[in-house]
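Please look through the sequence and the structure before reading on.

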Amino acid sequence: MNNPEVVMIGLGYIGLPTAALIAEGGTYVHGVDINQHVVDTINKGEIHIVEPSLDKSVAKAVAGGYLKASTKPVEANTYLIVVPTPFKDKNEPDISFVLAATTAILPLLKNGDMYIIESTSPIGTTEKMMNYIYEQRPELTGNLHIAYCPERVLPGNVMYELVHNDRVIGGVDAESTDKATAFYAKYVKGDLHKTNARTAEMCKLVENSSRDVQIAFANELSLICDKADINVWELINLANKHPRVNILQPGCGVGGHCIAVDPYFIVADYPMESKIIGTAREVNNYKSFWCAEKVQNTKLQFELEHGRKPRIALMGLAFKPNIDDLRESPAKYIAQRVLQNANNEEYYIVEPNITEHNVFKLTEYQTAYDKADIVVFLVAHDEFKSLPNNNNKVLLDFCGVFK
Ligand code: SAJ
């Protein structure tokens, strides 16, 4: 392989598709991941994650010699940091992976190079990394182009959205912004919006916080409607007929690795100011707890009325409809909580998008539905929508399967 133009640190859900996209365009990309298995898989032209059309893209880029993976970075002109930023205890963001990635490329940097962070980051991270780099390599001071450019792709549609979504690009100075914009212009068809690094960092956090707040509003309505004996789905549908109202859908909580996480990055740094953002997190977390309690109460009610233990189907474990991703899933949390409170009832756990699970024994969805007295819909997977709205069963529809 020729000397790479781009080094991509982090070959996960965003890094690998981005590396493949850039490489497919005829740019030499050296991908770096700490996981040897990930590196070996990619070098065989295969992938370690589930994402439509990514397999073809990686196979093509590797076969063409444009993408190579390794556990160590090499010299290039552009360095992209696309590593996780999880949080520590007390919901404090942890930027140690960004720091480690930056440390790994420190000795390779030279005048004129570009350094871009894509990882979701607390406000000020890009400037912090710039100061760190210039402290360690003072001779480079002012001679690198440093920018922040968040991704906003939806899992399941990554390869399309990487190309077609608009991007926000914020440099630590105007020249960095221009250089980074010129870099993305080669791969992105959406509009590229220039700003500074802090605004770009905040923009990413705000996008997901905004959605979290809106979902919290819908979830709050669902709790009120449950008490007030109003069908929340009908209510929202009617309210949305107003030309300036657009309420989202309630569910059994908010999951995934972005919307349920990013708001804490704002709350941790601005606790006094971020009242609505913080409360939205509490409401959405509470909704999952409330759903588990509702199952518990329904179960006891059934036993009182029928003089026997119910058979219960828990429908869906993924964090949102029609995917196989169970990480940070409210449905999984509810299933775990319900099973912890199990008292000789019979349970059928359903997740049509996976074939087996190391904790849950899975049952096919139609069988589970047929056998159960109480059917709890935790995720609105398409398969469930064809099931009958059967009056002989107790249906707990937390996510609007029958809306
Ligand atoms: N959800 C609801 N009600 C709704 C919509 C969603 O309860 O009306 C729930 C889902 O069931 C799920 C959670 O919210 O548990 C998040 O799902 P999602 O489809 O809204 O979003 P993600 O987490 O898959 O992807 C988000 C996207 N951000 C926005 O829509 C603002 C995506 O564009 C980002 O790139 C991604 O986060 C990220 O990586 O940050």
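F377 has a relative accessibility of 0%, so this residue counts as buried. The model is a predicted one, and the values given here are computed from it.

**Aromatic rings**

F377 has a ring partner, F384. The two rings form a tilted aromatic pair, with 5.9 Å from centre to centre and 50° between the planes. Both numbers are needed because a pair of aromatic rings is described by the distance of the centres and the angle of the planes. Ring pairs join F377 and F384 with Y365 and F402 in a cluster. For the structure, the count of aromatic pairs is 9.

Another kind of contact with a ring involves a charge. The ring of Y369 has the charged end of K393 sitting over it, at 5.2 Å from the ring centre.

**Cysteines**

How many disulfides does the structure hold? The number is 0. C149, for example, takes part in no disulfide, and the nearest cysteine sulfur, which belongs to C203, is 10 Å away. C149 is buried, because its relative accessibility is 0%.

With a relative accessibility of 5%, C225 counts as buried; the cut-off for buried is under 20%.

**The ligand and its surroundings**

There are 19 residues around the ligand, and those that come nearest are V153, K204, N208, R211 and F319. By class, this shell is made up of 9 nonpolar, 4 polar and 6 charged residues.

| Residue | Part of the residue with the N or O atom | Distance to a ligand oxygen atom |
|---|---|---|
| R211 | side chain | 2.7 Å |
| G255 | backbone | 2.9 Å |
| K320 | side chain | 2.7 Å |

On its own, the ligand has 770 Å² of accessible area, and the protein covers 84% of this.

Notes:
Residues numbered from 1 in each chain as written. Predicted model: local features only at pLDDT ≥ 70, side-chain atom pairs only at ≥ 80, totals over all residues. Heavy atoms only, no water. Disulfide = S-S within 2.5 Å. Buried < 20%, exposed > 50% of the residue type's maximum accessible area, 1.4 Å probe, protein only. Phe/Tyr/Trp six-rings, centres within 6.5 Å; stacked < 30°, edge-to-face > 60°. Lys NZ or Arg CZ within 6 Å of the ring centre and 35° of its normal. Near = heavy atom within 4 Å. Polar contact = N/O pair within 3.5 Å; in protein donor to acceptor, adjacent residues only side chain to side chain. Areas by Shrake-Rupley, 256 points an atom, 1.4 Å probe, with all protein chains shown as cover. Nonpolar A, V, L, I, M, F, W, Y, C, P; charged D, E, K, R; others polar.
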